[in-house]
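I opened the model today to look up a few things. These are my notes.

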Amino acid sequence: RQRDSGATVARFDPTGTYLAVGFDDGTVELLLAPEDYRLVGRCSGHADTVTHIDWATDGEILQTADASFEVYFWNLTLQVPGSGAGPDSAPEYQRFGTPILLHRREWAAQSCPLAWTLQGMFVPGQEGEGIGAIAVDRGPGKGKGPGFVLSAEASGAVRMYKFPCAQGAKPKVTAKGHASAVASVGMSCSRAFAVSVGGADLSALVWNIRGTGHLGI
């Protein structure tokens, strides 16, 4: 399929069956991977470029954010007929009007920095563009220690905070190595390493996570 707008972010669901792709025209499309990535649904409503996508652990809810710092939640169990014809025809998913009802929802991963559990990463008056991406580790389990979150920042730093990160929190670590804004950050499944990707400096750095309090290149 050809599109006039470009893809800006993509995330597989927890089972690897569906791929959610966000575009710079503000739409999100769901593709069925086992069927040659056939278009099966669309989320329309963002007025700006889609920047982040997160799946709920059960695959029924999608969280999306855009470049204007708007966050929407989509119910993937409810569809209405969409517009279009041929391969571009797909039903539209419904947006949640009361996101507070989702406060107990568990997410397979958290990439969007605009969340109540991450308020402490923002200082008063800071605009949303100061943090481009995050990677969250919720910890090994209840009673086994806290989790942590890594933030990729426009200053070129990668910072580590405790998770959840309440208002007034201070970073446990501020690691510097990039010569420009950090575009993204991710974490290994083993919790032992993190990878940050620069923007203008065209670099990727691998960080050794020592416990939950240290970062080292």
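The entries below go from the whole chain to single residues.

**Entry 1: ground rules.** I am working with a predicted model, where local features need pLDDT of at least 70, side-chain atom pairs count only at pLDDT 80 or more, and totals for chains, interfaces and linings use all residues. Residues are numbered from 1 along each chain as its sequence is written, and side-chain values use heavy atoms, with hydrogens and water left out.

**Entry 2: the chain.** I looked up pLDDT, the predictor's confidence in each residue from 0 to 100. The protein chain averages 87, and 88% of the residues score at least 70. I found 16 strands and zero helices; these are DSSP runs numbered from the N terminus, helices being H or I of at least four residues and strands E of at least two. Of the 217 residues, 41% are buried. Buried means under 20% relative accessible area, exposed means over 50%, and partly exposed is in between (1.4 Å probe, protein chains only).

**Entry 3: salt bridges.** I used this rule: a side-chain nitrogen of Lys or Arg within 4 Å of a carboxyl oxygen of Asp or Glu. The count comes to five. Side chains of opposite charge can pair when their charged atoms come close. One of the bridges joins Asp-58 and Arg-105 at 2.5 Å, N to O. Asp-58 lies in the loop between β5 and β6 and Arg-105 in the loop between β8 and β9, so the pair ties together parts that are 47 residues apart in sequence. Asp-58 is partly exposed at 40%, and Arg-105 is partly exposed at 29%. Glu-35 and Arg-38 form another bridge, at 2.8 Å. I also noted Arg-159 with Glu-153, their closest N and O atoms 2.8 Å apart; Glu-153 is buried at 7%.

**Entry 4: Asp-137.** I found Asp-137 in strand β9 (residues 131-137). Asp-137 counts as buried because its relative accessibility is 9%. Leaving out residues up to four places away in sequence, Asp-137 touches Gly-147, Phe-148, Phe-163, Met-187 and Arg-191, where contact means heavy atoms within 4.5 Å. Its side chain makes a polar contact with the side chain of Arg-191 at 2.6 Å. A polar contact is a pair of N or O atoms within 3.5 Å; within protein, one must be able to donate a hydrogen and the other to accept it, and residues adjacent in sequence count only if both atoms are side-chain atoms.
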